[in-house]
Amino acid sequence: QVQLVESGGGLVQAGGSLRLSCVASGSIFSINHMGWYRQAPGKQRELVARIRSGGSTYYLDSVKGRFTISRDNAKNTVYLEMNTLKPEDTGVYYCNAEVMIGTGLLRNNYWGHGTQVTVSS
């Protein structure tokens, strides 16, 4: 019904930058919030940043001041600008969205397949 496709991951040296993008498509009436989670090897998936339809944001403490989340509502796209990357930012980054589907009466949560971010020291 709804697909999320991430792009922009890769390998970067510590101190470098990457920009992730996630496009939502399908039977979308509206999107409540979009966000990025990450999962490092052997660790639980954690919420990195989230942005609501009105623009309010949440950031994990360890990324505050370094990461910026933004969204283009017209394009159903969310971005994560990651600066001053650290080795501990390494992981698979997953896009997540809470979507009102069809005529807007049903709400579902969707995930992308993930994009690898590797930060070398």
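Tutor: Let's start with Asn96. Leaving aside its neighbours within four places in sequence, Asn96 is in contact with Leu4, His33, Met34, Gly35, Tyr37, Asn109, Tyr110 and Trp111. Contact means heavy atoms within 4.5 Å.

Student: Before I go on, what kind of model is this?

Tutor: This is a predicted model, where local features need pLDDT of at least 70, side-chain atom pairs count only at pLDDT 80 or more, and totals for chains, interfaces and linings use all residues. Residues are numbered from 1 along each chain as its sequence is written, and side-chain values use heavy atoms, with hydrogens and water left out.

Student: OK, back to Asn96. Is Asn96 buried or exposed?

Tutor: Asn96 is buried, with a relative accessible area of 2%. Buried means under 20% relative accessible area, exposed over 50%, and partly exposed in between, using a 1.4 Å probe and protein chains only.

Student: And what does the side chain of Asn96 reach?

Tutor: The backbone oxygen of Tyr110, at 3.2 Å. Asn96 itself sits in strand S9; strands here are DSSP runs (E, at least two residues), numbered from the N terminus.

Student: New topic: how many disulfides are there?

Tutor: A search of the whole structure finds 1 disulfide, meaning a pair of cysteine sulfur atoms within 2.5 Å. Cys22 and Cys95 form it, with their sulfur atoms 2.0 Å apart.

Student: Where do those two cysteines sit?

Tutor: Cys22 is in strand S3 and Cys95 in strand S9, 73 residues apart, so the pair links distant parts of the chain. Cys22 is buried at a relative accessible area of 0%, and Cys95 is buried with 0% too. The link is left-handed, with -85° about the S-S bond.

Student: Which residues have the most contacts inside the largest nonpolar core?

Tutor: Trp36, Leu80, Met82 and Tyr93, in a core of 31 residues. A nonpolar core is a set of buried Ala, Val, Leu, Ile, Met, Phe, Trp, Tyr and Cys residues joined through side-chain atoms within 4.5 Å. S9 gives the most to this core, with 5 residues.

Student: How many bridges join S1 to S3?

Tutor: There are 6, and Ser7 has Ser21 in S3 as its bridge partner.

Methods:
Two strands pair if DSSP finds at least two bridges between them. Helices (H or I, at least four residues) and strands (E, at least two) are DSSP runs, numbered from the N terminus. A polar contact is a pair of N or O atoms within 3.5 Å; within protein, one must be able to donate a hydrogen and the other to accept it, and residues adjacent in sequence count only if both atoms are side-chain atoms.
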